[in-house]
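Morning, everyone. Let me put the model on the screen, and then we will walk through it.

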Amino acid sequence: MFETEEQQERMILVAVATAEGDDTERSLDELEELGQTAGAVTVAKVIQNRERFHPGTYIGKGKIEEVRELVQKYHADTVVCDDELSPAQYHNLQEALDVKVIDRTVLILDIFAKRASTSEGKLQVELAQLRYRASHLIGGRSELSRLGGGIGTRGPGEQKLEMDRRLIKERITLVKRELAQVQRTRELTRKKRQANPTPVVAIVGYTNAGKSTLLNRLTGAGVLSEDQLFATLDPTTRKLVREDGEELLFTDTVGFIRKLPHHLIQAFRSTLEEAKYADMILHVVDSANPDLDAQMYTVYDTLQKLEIGDKRIVTAFNKVDLLEEKKEVLKDLRADQTVRISAKTGQGIEEMLDVISDVLKEGQVLLEQTLDYAQGAKVNLMRKYGQVLTEEYREDGIYVKASIPREYLYLFVEQEKQEESW
């Protein structure tokens, strides 16, 4: 009996450093992680210092020769460039190296194609891939026909590689139409959620910061959680009911990453808008990552591109169990509150929930009422729309002290009394 083992794709990573002290090395390390997530192994890394990218080949002539020698030495299958290549750079570099060349965008798109499980996720990935291919079609027909499988060829299918611009445009139109229908369904779901105003907390963060692990810890959502970039792609919303009866909805969103392809931001806009319509943002940060400041900047930059900058933000510094010393200073000047947690061990989770509740209560009204026993249903309504702080059954009725969002105060108080309570 013969045993067969799938051959891992062998990659050479290439980057250009255009300024002293930039994060090119860390970016290349992250590119290596992306390659591992895609199922490949990195055999060599090459960085060239240049004032700017070579307009025709991304790297200079000397470096091309060096990369070509490395390809032969390590029998590499693919060369991956850390920046998005222009059609000319892609064509010229592949001709010069005589090996498959892809860029960071193609690698990320490939991972997304691999991870997408819902019909919406698959459509979004296909749209991003088609848009990318449409923009790189000029002079690329020979290169596309040469691709023989592996990373960069998953997704819409091999036949899409041979599409001309007209067919790609037609497919884009069709996919956008299907996504528009999905978006309408999402909007209806969102409106129903707003009609039953349980506060919504959108979990955002850099990829692999521990968002899915946190959602599983909070709600037992059963979301795939691995120590990999983009372990989960499709958004998940789950409810948490606290011991005091307070209800919270947590929505996990796709992880952010530096140099996130523009095509992906556009394609996943409807999914990422879950954060836009949430009541607040829970920003999860990998506190054990030495590059956490740059990662936090990437998250806020992406939120700004999505026009999500007006939300209350609680930053949860996750993975504190991995910090060697607790004297580590963890700060986020853009957040309203910060907490230290470990989604893996449960450390700091209750404190985080208390902070979230406090932030959500800002803008709420403290309401005190003594209700007739016949009005007992109002107490349940208070739990549904706010939080019951005190509930006492007295001779003259049910004494209730509750925190109610101002916009729902009309359900419990007459207009003239509303003005007094304000």
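Which residue forms a salt bridge with Asp23? Arg258 does, with the closest N and O atoms 2.6 Å apart. By salt bridge I mean a side-chain nitrogen of Lys or Arg within 4 Å of a carboxyl oxygen of Asp or Glu. Asp23 sits in the loop between E1 and helix H1 (24-37), and Arg258 in the loop between strand E7 (247-252) and helix H9 (262-267), so this pair ties together parts that are 235 residues apart in sequence. The structure holds 23 salt bridges.

Ground rules. This is a predicted model: local features need pLDDT of at least 70, side-chain atom pairs count only at pLDDT 80 or more, and totals for chains, interfaces and linings use all residues. Numbering starts from 1 along each chain as its sequence is written, and side-chain values use heavy atoms, with hydrogens and water left out.

Confidence next. pLDDT is the predictor's confidence in each residue, from 0 to 100. The protein chain has a mean of 81, and 81% of its residues reach 70 or more. Residues 415-422 are below 50, with eight contacts in the model beyond near neighbours in sequence. Contact means heavy atoms within 4.5 Å.

Now the sheet. Helices (H or I, at least four residues) and strands (E, at least two) are DSSP runs, numbered from the N terminus. Two strands pair if DSSP finds at least two bridges between them. Four strands make an open sheet in the order E2-E1-E3-E4, with parallel pairing. Strand E2 (40-49) and strand E4 (100-103) are the edges, each pairing on one side only. On average, neighbouring strands are turned by 25 degrees against each other, direction ignored. Axes are lines fitted to C-alpha atoms, for helices over the stretch in contact, and angles run from 0 to 180 degrees between N-to-C directions.

E3 (residues 78-81) and E4 pair in the parallel sense over four bridges. There, Val79 stands opposite Val101 in E4. Helix H4 (residues 104-115) packs on the sheet, touching strand E1 (9-17), E3 and E4. The direction of H4 makes about 85 degrees with that of E4.

Last, a helix pair. Helix H8 (residues 211-219) packs against helix H12 (residues 349-361) at about 90 degrees, axes 12 Å apart. H8 and H12 are therefore roughly perpendicular, a label for angles of 65 to 115 degrees. H8 brings Leu214, Arg217 and Leu218; H12 brings Ile349, Met352 and Leu353.

Notes: Angles under 35 degrees count as roughly parallel, over 145 as roughly antiparallel, 65 to 115 as roughly perpendicular and the rest as oblique.
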